[in-house]
Amino acid sequence: MSQPRSLPRFPHLRQDFAASLVVFLVALPLCIGVAVASGVPAELGLITGIVGGLVTGVMRGSSLQVSGPAAGLTVLVLEAVRSFGLPALGVIVLLAGLLQIAMGVLRWGRWFRAISLSVVEGMLAGIGLIIIAGQLYAAAGVTAPASGLDKLTGLPAALGKAVGSTTALASLAVAAGTVLVVVVWQRLPRRARAVPGALAAVALAALVTALVDLPVATVRVSGVFDAVRLPGADSFSSLAEPAVLGTVLAFALIASAESLFSAAAVDRLHAGPRTDYDRELVAQGAGNALSGLLGALPLTAVIVRSSANVGAGARTKASRVLHGLWLLLFAALLPAVLAYIPLAALAGILVHAGWKLIPFRGVASLWRAHRGEALVLVATAVAIVAVGMFEGVLVGLVLSVAKAAWEASHLRVEHSDEEEGPLQVRLFGTITFLKLPQILDNLESLPPGRRVVLDLSGAHHVDHACRAALEAWAERHGAEEPGPDKGPAPTLDADAGPDADPAPDPDGDPAGSVSASR
């Protein structure tokens with residue numbers, strides 16, 4: 001297929017056309033795999049991908065981010081389908097989309113950026129662990145337990161049983177081969193990587209399965225448009241259950257957080273227009289409302305597709321709209337191809353996707369620099385696996401708020417002594433009258449006869465009582481009267497906290513400091 005020439009009205013059509021083909025090839029196996037992992041027909045994943053391209057893609061918000069069914073929501077969707085049934089899923093996604101639109105109209109999009117990154121990464125890590133465990137059962141052809149904790153603890157027994165079954169071993173071999181191809185594909189020359197690794201792995205698995213006639217289950221196909229189920233009156237009656245409303249809230253909040261954090265990550269990959277978070281939230285809500293109306297999966301912005309879009313040279317949102325068009329053409333013309341795809345290959349794709357959701361390097365670097373953040377991340381992931389998605393996220397949010405409150409109220413005092421210079425005393429945190437005894441005890445314990453510089457530049461806040469006490473301490477301990485050859489008595493500088501008044505420091509002391517002689 002020859003690439004179209006750029007038209008005057010669409011100066012970047014050539015680049016966007018090429019990028020749309022790459023994104024389509026990346027999205028196709030993921031749409032199918034996410035649907036199967038979520039416990040719904042594979043066709044519903046394609047429908048959500050089409051909506052993400054043709055509806056969310058055409059709306060304003062983020063110009064290069066691509067939306068569709070995401071691995072990060074598979075656990076929540078699977079729980080919803082098991083608890084309330086497939087007909088109720090459409091209503092849940094529809095209401096979650098309307099809630100997203102309302103939040104965007106109320107300009108709440110920017111507030112999602114206030115969520116701790118450790119909570120989001122912990123959420124994704126917990127989801128990744130559950131996806132890996134669940135898809136290992138699928139790869140072995142064994143029904144997975146319902147809870148995340150049971151999935152992990154039951155793995156050894158399930159894999160032990162699989163060793164004695166020829167069918168299970170063949171299925172596991174297909175899954176392992178799929179993962180191996182995806183990993184190795186990333187190390188091939190750039191020209192070979194023009195075909196996405198996930199698509200190549202699924203195609204090779206389908207080819208080998210057909211040629212060798214492996215006893216492996218494949219995707220069941222009933223027709224893409226036959227899979228569309230508009231919610232009926234019975235589906236809306238489920239809204240009387242508080243658990244359903246809680247699931248709607250969880251869908252809306254988690255999908256919004258994942259989409260907006262993805263938007264921030266994509267913005268760092270290109271020099272084009274920045275994301276309008278409120279409009280992007282409305283766009284995501286519109287896509288989810290339509291997906292729910294069609295009885296399909298929820299959609300979010302997906303960093304894998306978005307980074308592929310940017311990396312392929314996309315310039316405008318035309319690339320993501322065109323990728324939705326290619327998905328629509330595939331669903332209309334080639335749905336029978338899905339019947340050749342082994343379920344074990346899709347399980348392998350999702351095992352790899354789940355692995356990438358776990359930030360191993362991020363946890364290690366956080367532990368070295370910010371152990372509190374690392375603990376929040378790990379606690380969120382463990383809670384999601386042990387209890388559930390919504391509860392785990394709440395645990396993470398509570399811990400992050402508690403950590404912020406602790407850091408805001410905690411006072412840290414540091415001393416440094418250079419033999420030829422003054423004693424340096426640095427205060428970090430919030431300085432209130434409750435901390436005065438600790439501060440004054442530290443100051444009074446300093447060796448006499450030395451000049452002291454009290455550096456408050458690390459203070460978040462200094463209240464009036466502490467300011468008066470510190471200035472009094474400076475006056476008592478050697479503040480000299482101004483003279484013709486002397487500067488004025490030391491004063492508290494503006495940078496000693498956000499509530500301080502500006503004042504210069506003629507003695508040349510560090511910004512935000514009080515100086516005195518002991």
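**Reading side-chain features**

Reply: Arg-467 and Glu-471 are 4 residues apart in helix α20 (residues 464-476), so about one helical turn separates them. Helices (H or I, at least four residues) and strands (E, at least two) are DSSP runs, numbered from the N terminus. The model is predicted, so that local features need pLDDT of at least 70 and side-chain atom pairs count only at pLDDT 80 or more, whereas totals for chains, interfaces and linings use all residues. Residues are numbered from 1 along each chain as its sequence is written, and side-chain values use heavy atoms, leaving out hydrogens and water.

Me: What do the side chains of Arg-467 and Glu-471 form?

Reply: Side chains of opposite charge can pair when their charged atoms come close. Arg-467 and Glu-471 meet in a salt bridge, at 3.9 Å from N to O; the term requires a side-chain nitrogen of Lys or Arg within 4 Å of a carboxyl oxygen of Asp or Glu. Arg-467 is buried, with a relative accessible area of 17%, while Glu-471 is partly exposed at 33%. Here buried means under 20% relative accessible area, exposed over 50%, and partly exposed in between (1.4 Å probe, protein chains only).

Me: How many salt bridges does a search of the whole structure find?

Reply: The search finds 7 salt bridges. One of them joins Asp-455 and Arg-426, whose closest N and O atoms are 3.9 Å apart. That pair links distant parts of the chain, with Asp-455 in strand β5 (residues 451-462) and Arg-426 in strand β4 (residues 423-431), 29 residues apart. Asp-455 is buried, with a relative accessible area of 10%, and Arg-426 is partly exposed at 28%.

Me: Which residue forms a salt bridge with Glu-414?

Reply: The partner of Glu-414 is Arg-412, with 3.0 Å between the closest N and O atoms. Glu-414 has a relative accessible area of 32% and is therefore partly exposed; Arg-412, at 40%, is partly exposed. Arg-412 also lies over the face of Phe-428, 4.4 Å from the ring centre. A charge is taken to sit over a ring if NZ of Lys or CZ of Arg is within 6 Å of the ring centre and within 35 degrees of the ring normal.

Me: How many aromatic pairs does the structure hold?

Reply: A pair of aromatic rings is described by the distance of the centres and the angle of the planes. The structure holds 2 such pairs. Phe-17 and Trp-326 have ring centres 5.8 Å apart and planes at 85°, so this pair is edge-to-face. Phe-17 in helix α1 (residues 13-37) and Trp-326 in helix α14 are 309 residues apart, and the pair thus links distant parts of the chain. Both Phe-17 and Trp-326 are buried. Trp-355 and Phe-360 make a tilted pair, 4.7 Å centre to centre with 40° between the planes. Trp-355 is exposed at 51% relative accessible area, and Phe-360 is partly exposed at 44%. Rings of Phe, Tyr and Trp (its six-membered ring) pair if their centres lie within 6.5 Å; planes under 30 degrees apart count as stacked, over 60 as edge-to-face and the rest as tilted.

Me: Where is Ser-306 found?

Reply: Ser-306 belongs to helix α13 (residues 303-311) and is buried, with a relative accessible area of 0%. Not counting residues up to four places away in sequence, Ser-306 touches Leu-64, Gln-65, Val-66, Ser-262 and Val-266, where contact means heavy atoms within 4.5 Å.
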